[in-house]
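This briefing is for a reader who is meeting the structure for the first time. It starts with a question about one residue and then moves through the topics one by one.

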Amino acid sequence: MTPTHSQAIPRKAARGFLRKYVFSTDHQIIGKQYYFLALFSALVAMLLSWLMRVHLAWPRLAIPGLGELSAAGAPNGMMTPEYYLSLLTMHGTLMIFFVLTTAPQSGFGNCFLPAQIGADEMAFPRLNMLSFWLTFTSLGALLSSFWARGGPATSGWTAYPPLSGLGSITGPGEGWGQSLWIISIALFCVGSLLGALNFITTTLDLRARGMTLMRMPLTAWAWFVTAILMLLSFAVLLAACVLLMLDRAAGTSFFIPAGLIVSGQMIQGHQGGSPLLWEHLFWFFGHPEVYIAILPAMGLTSHLLSCFARKPVFGYRAMVWATIAIGFLGFLVWGHHMFVSGMNPYSAFAFSVLTVVIAVPSAVKTFNWLGTLWGGRLRLTTAMLFALGFVSIFVSGGLSGIFLAEPPVDVQLHATYFVVAHFHLVMGMAAMFGIFSGTYFWFPKMFGRMMNETLGKIHFILTFIGAYCVFMPMYFLGMAGNVRRYAQFVDPYLQPLMPLHRFITVAALGLGAAQMIFVFNLFGSLFGGEKAGENPWEATTLEWVAASAGKDLVVYRGAYEYAVPGKEKDYVMQNAPDASGSRAEKGARDGNAN
Amino acid sequence: MARVLSFTIVLGTAVTVILFWRRVWWFPPNISTQGAGVDREFGLTLLVTGILFVAAQLILAYCIGRGRKSGRAAYNTGNLRMEVARAVLAAATFIGLALSSYRTWARMYFIGAPRNALRIQVEAEQFAYWFRYPGPDGVFGPMHLRLVNDATGNYFGLDPTRDPASRDDIVTATLGIPENRPIELLLMSRDVIHSFYVPQLRIQQDIVPGMVIPIHFTATRTGDYEIVCTQLCGLGHYAMRAPLKVMKEPNFKKWLAKQAAEQ
Amino acid sequence: MATQTKLSVLEETRGGDGDGGNWGEGSRGRFGWDPGAALPVGLTGIWIAMASITMFFAAFTSAMVVRAGLGADWTRVALPHILYLNTAILLASSLTLELSKHCLKAGRAGQFSGWLFATAGLGIAFLAGQLDAWRELAARGVYLARNPACSFFYLLTAAHGIHLAGGLLALFYLVARHRRIAEGAIGGTALKVTTLYWHFMDILWLYLFLMLILWV
């Protein structure tokens with residue numbers, strides 16, 4: 001039953017379609033499952049954002065088809081304010097959890113973490129399958145709330161109690177919708193925890209001979225650090241979800257204070273809880289979550305800039321330490337989401353200083369990306385274009401974080417479109433650019449075919465311009481005092497901003513339409529793309545090693561040996577033996593020492 | 001493609017700089033004493049981040065447009081001294097900015113309201129604000145949860161028959177305040193988290209049920225403004241607002257007397 | 001070929017008890033190393049899982065400390081005395097598990113199985129004792145939502161109980177295969193992983209019990 005010498009067993013051939021493609025334990029299949037789950041979620045979330053944007057720009061417009069989707073939420077296609085909030089909650093939750101956490105980490109990570117470190121499988125394949133199906137169930141629970149009585153939750157992705165803690169008395173969607181939301185997120189937490197466990201163990205234990213930590217590709221580093229963030233932060237969110245559910249269902253008072261009167265009705269049985277306690281627990285998860293979304297995209301950008309500038313990563317060690325520093329500091333800055341929450345103002349100031357400190361490793365990364373490009377010989381493939389776009393968007397979104405890190409400035413800009421612009425650029429769009437560049441880059445490895453480069457370039461330039469047109473104007477809206485999460489803009493002082501809102505809506509429709517090019521290219525290339533070679537991008541890392549090289553990989557060098565003087569080609573693969581035996585020996589020894 | 005992309009980046013950078021420079025869309029004018037500090041801090045941060053923004057985008061555009069066309073890329077794995085120097089510089093700049101905001105923040109939150117401040121209670125509910133002035137005795141009468149009733153207009157649950165301090169309290173739907181006099185608001189919520197935001201005052205503070213959160217400010221310009229809710233509080237969130245009326249001292253006295261007469 | 005020699009030496013030094021089939025199913029023949037021996041992924045995995053569980057309980061207990069400091073509604077609960085007995089039982093179970101492991105190493109198969117059975121029995125006894133503590137509180141009319149202190153009592157004991165039940169399942173797994181483990185055919189890593197986790201549950205309970213004594 002249990003082999004003592006497992007190199008003797010070949011990998012078991014998967015039996016039947018169900019075991020091979022559905023309930024698979026193969027990391028590549030699971031990675032693709034995650035990827036397509038994220039793609040589906042992204043399309044739904046984008047559709048929701050279209051509906052919201054159209055409603056904001058033209059509040060009296062009946063949206064065709066919406067009345068059929070939800071008769072209560074949009075009678076005759078006219079969106080009600082509570083349905084707007086439902087769409088907003090679903091958009092945020094889908095994007096943060098099911099797209100930005102899922103695609104770059106669980107999707108690409110599953111496909112390529114083992115491959116890049118020279119392992120042929122994740123450490124716990126069955127656990128891996130469980131992670132995916134938990135995530136799948138979680139998505140099902142979330143989407144099912146569209147058909148629940150009262151519609152989906154309306155309390156945003158942050159679900160602040162008491163709004164989220166008292167049931168349908170605080171509004172439709174706060175009954176079943178909110179319960180389903182909490183169940184969905186709790187399931188997602190468990191799935192992510194198991195996934196993170198798998199990623200960390202795989203990275204620690206299953207690296208190939210000679211693959212020292214400091215030889216790992218920066219993508220692998222990013223997945224590793226992200227997994228640690230997930231392991232520690234999702235545990236806290238899970239605990240918070242349990243407490244919130246108990247407050248709703250069992251009448252406890254963790255977050256619900258005494259003496260509430262909602263809609264003229266006294267709330268009985270609750271006493272002395274604190275909504276701020278939820279905010280602390282939520283943001284203790286919430287801030288690392290931001291880095292969970294962006295770190296893999298950062299790693300991938302470093303990886304691609306080096307590959308397509310044909311130049312080593314500028315300051316590889318600095319990049320690794322910056323990633324670790326971001327991961328560590330990410331746990332110390334959650335309070336900057338709470339400057340106006342009623343939290344102790346002295347601790348607010350401490351959080352402020354820590355928050356600007358976390359900008360330093362991000363700045364180091366940006367310097368080094370530019371350093372990598374400087375003097376490079378650029379190959380502007382679509383993957384590279386998206387990586388370059390990432391740098392531009394990350395800078396435009398990231399710098400506004402400095403404003404929000406200063407408490408008195410945050411007082412003015414908090415909860416306005418300035419914040420919406422900030423996180424959509426630095427986390428949403430930048431991470432989406434990461435997902436796109438990863439797709440164009442790894443598609444040949446995932447599906448054995450190339451994506452169409454011409455369509456890819458059109459997709460890129462439209463997405464790049466579209467992203468700026470949609471989100472840069474939101475900075476100005478926020479400065480003008482335009483509050484976020486409003487279903488309509490009825491205040492007189494917001495009326496002069498309506499033309500800008502309409503411009504944003506038109507740009508958002510265009511940006512969304514441009515994504516159809518991507519979907520078409522993806523599925524078209526899946527079946528009709530040009531056959532890909534073993535290493536189409538002439539990259540150095542192990543996922544591109546020809547299958548014919550066998551499984552017994554030994555790593556002799558770092559991940560970014562491009563343009564090495566004196567070499568025949570302008571790249572040297574990590575597993576290429578060195579002519580001088582001494583260096584190879586050193587490499588193998590390092591590999592075992594870890 | 002290289003030219004298209006670097007041109008797009010340069011153009012986008014230029015448009016952004018022009019829009020900020022010309023102040024096409026900007027903050028509403030400041031009407032409070034601590035607002036100048038907020039605006040100054042914003043301006044300083046804008047200057048620093050603006051320089052970094054333009055520099056980074058232009059270097060990126062340059063690298064894309066002017067990459068090597070022949071031969072190999074330079075083999076350059078980094079420069080530790082340069083990296084450390086830049087990290088230290090970035091840290092000094094960013095921490096300097098954060099520290100420079102200390103005085104404004106301290107003025108808002110570390111120091112309490114002056115003794116002569118006019119104290120007003122603010123009660124938020126889904127989806128309205130109510131304001132209570134203590135009246136001539138300067139004391140807020142006690143609140144009784146059981147008596148809270150929107151239909152009869154008893155938003156604060158007062159019992160004037162039993163509590164003498166409640167008899168002269170004035171409850172309004174508009175926040176009327178005198179110009180150039182310190183105001184202290186005591187923020188309370190009855191149901192969910194709301195927020196108190198007046199962009200012109202440069203003030204935003206969440207109103208958390210179970211807590212009484214004090215804020216203070218001095219308005220410097222008369223006029224009619226709006227208080228809006230910025231914390232997602234339910235379906236009527238977008239329409240939750242109240243008028244703010246800043247008046248000259250004599251006008252305020254008249255206004256308050258009129259409100260008292262209408263009780 | 002100097003490299004090759006060096007590697008084989010290293011492999012030997014990392015040799016272990018030659019298992020891994022059940023817990024380390026992913027590490028199929030990594031580069032010719034005996035996976036369970038050289039790379040016991042199960043052991044790494046359990047350390048990482050314990051880090052995550054620590055965070056989970058840290059969230060609960062820090063919430064408890066914050067909540068206790070909030071207001072006058074924090075009414076302390078007299079803890080049922082059976083908790084002290086339960087604590088002793090759980091500590092004893094860690095001891096029996098260690099004894100069991102020791103006997104396996106010493107080659108005393110019969111005693112190995114005996115101590116293993118005893119550990120599982122003590123684990124069940126602990127859970128039964130915790131349930132009894134709940135019953136006692138319920139009989140006093142102290143329910144989950146009575147006041148925040150009892151909420152946290154039920155919450156922490158339940159969360160710990162669920163995690164401990166997981167460890168109990170692992171013990172059952174070992175019990176079911178005790179003969180083959182004694183023969184040395186399987187289960188070396190499984191035994192190590194379970195032992196580690198069981199001790200962790202023990203320490204976790206001591207921590208939680210201390211928190212309960214101090215705050216609830």
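Is Glu538(A) buried, partly exposed or exposed? In this model, which is predicted, Glu538(A) is partly exposed, with a relative accessible area of 28%.

**Salt bridges in chain A**

- Over all chains, a search of the whole structure finds 16 salt bridges.
- Glu538(A) takes part in a salt bridge with Arg379(A), and the closest N and O atoms of this pair are 3.0 Å apart.
- Glu538(A) belongs to the loop between helix 17 and helix 18 of chain A, while Arg379(A) belongs to the loop between helix 11 (345-373) and helix 12 (382-398) of chain A, so the pair ties together parts that are 159 residues apart in sequence.
- Another salt bridge joins Arg310(A) to Asp570(A), where the closest N and O atoms are 3.1 Å apart.
- Because Arg310(A) sits in the loop between helix 9 (275-309) and helix 10 (316-329) of chain A, and Asp570(A) in the loop between helix 17 (498-528) and helix 18 (581-593) of chain A, this pair ties together parts that are 260 residues apart in sequence.
- Both partners fall under the 20% limit for buried residues: Arg310(A) is buried with a relative accessible area of 2%, and Asp570(A) is buried with 16%.

- In chain B, the side chains of Arg190(B) and Asp150(B) meet in a salt bridge, with 3.0 Å from N to O.
- This pair links distant parts of the chain, 40 residues apart, with Arg190(B) in the loop between strand 5 (182-189) and strand 6 of chain B and Asp150(B) in the loop between strand 2 (128-133) and helix 5 (164-167) of chain B.
- Arg190(B) is buried, with a relative accessible area of 4%, whereas Asp150(B) counts as partly exposed at 31% relative accessibility.
- Through salt bridges that share partners, Arg190(B) and Asp150(B) are joined with Glu123(B) and Glu125(B) into one network.

**The five-stranded sheet of chain B**

- Five strands of chain B form an open sheet in the order 3-2-1-5-8, and the pairing within the sheet is mixed.
- The edges are taken by strand 3 (170-172) and strand 8 (213-218) of chain B, each with a single partner strand, so one side of each is left without a neighbour in the sheet.
- On average, and with direction ignored, neighbouring strands of this sheet are turned by 25° against each other.
- Strand 1 (residues 118-125) and strand 2 of chain B run antiparallel and are joined by five bridges, and Val122(B) stands opposite Phe131(B), which lies in strand 2 of chain B.
- Helix 6 (residues 249-262) of chain B packs on the sheet, where it touches strand 1, strand 2 and strand 3 of chain B, and the direction of this helix makes about 95° with that of strand 3 of chain B.

- Strand 6 of chain B pairs with strand 7 (residues 203-207) of chain B in the antiparallel sense over five bridges, and His194(B) has Ile207(B) as its bridge partner in strand 7 of chain B.
- Four residues lie between the strands of this hairpin, in which Arg202(B) takes a positive phi near 60°.

**Strand 10 and its partners in chain B**

- Strand 4 (residues 175-178) and strand 10 (residues 241-247) of chain B run parallel and are joined by four bridges, with Ile177(B) opposite Val246(B) of strand 10 of chain B.
- Strand 9 (residues 223-228) of chain B pairs with strand 10 of chain B in the antiparallel sense over six bridges, and Asp224(B) has Lys245(B) as its bridge partner.

**A buried histidine in chain C**

- His160(C), which lies in helix 6 (residues 148-176) of chain C, counts as buried at 0% relative accessibility.
- When residues up to four places away in sequence are not counted, His160(C) touches Phe57(C), Leu90(C), Phe126(C), Met201(C), Leu204(C), Trp205(C) and Leu208(C).

Technical notes:
Residues numbered from 1 in each chain as written. Chains lettered and ligands numbered in written order. Predicted model: local features only at pLDDT ≥ 70, side-chain atom pairs only at ≥ 80, totals over all residues. Heavy atoms only, no water. Pairing = 2+ DSSP bridges. Helix = DSSP H or I, 4+ residues; strand = E, 2+ residues; numbered from the N terminus. Salt bridge = Lys/Arg side-chain N within 4 Å of Asp/Glu carboxyl O. Buried < 20%, exposed > 50% of the residue type's maximum accessible area, 1.4 Å probe, protein only. Contact = heavy atoms within 4.5 Å. Axes fitted to C-alpha atoms, helices over the stretch in contact; angles between N-to-C directions.
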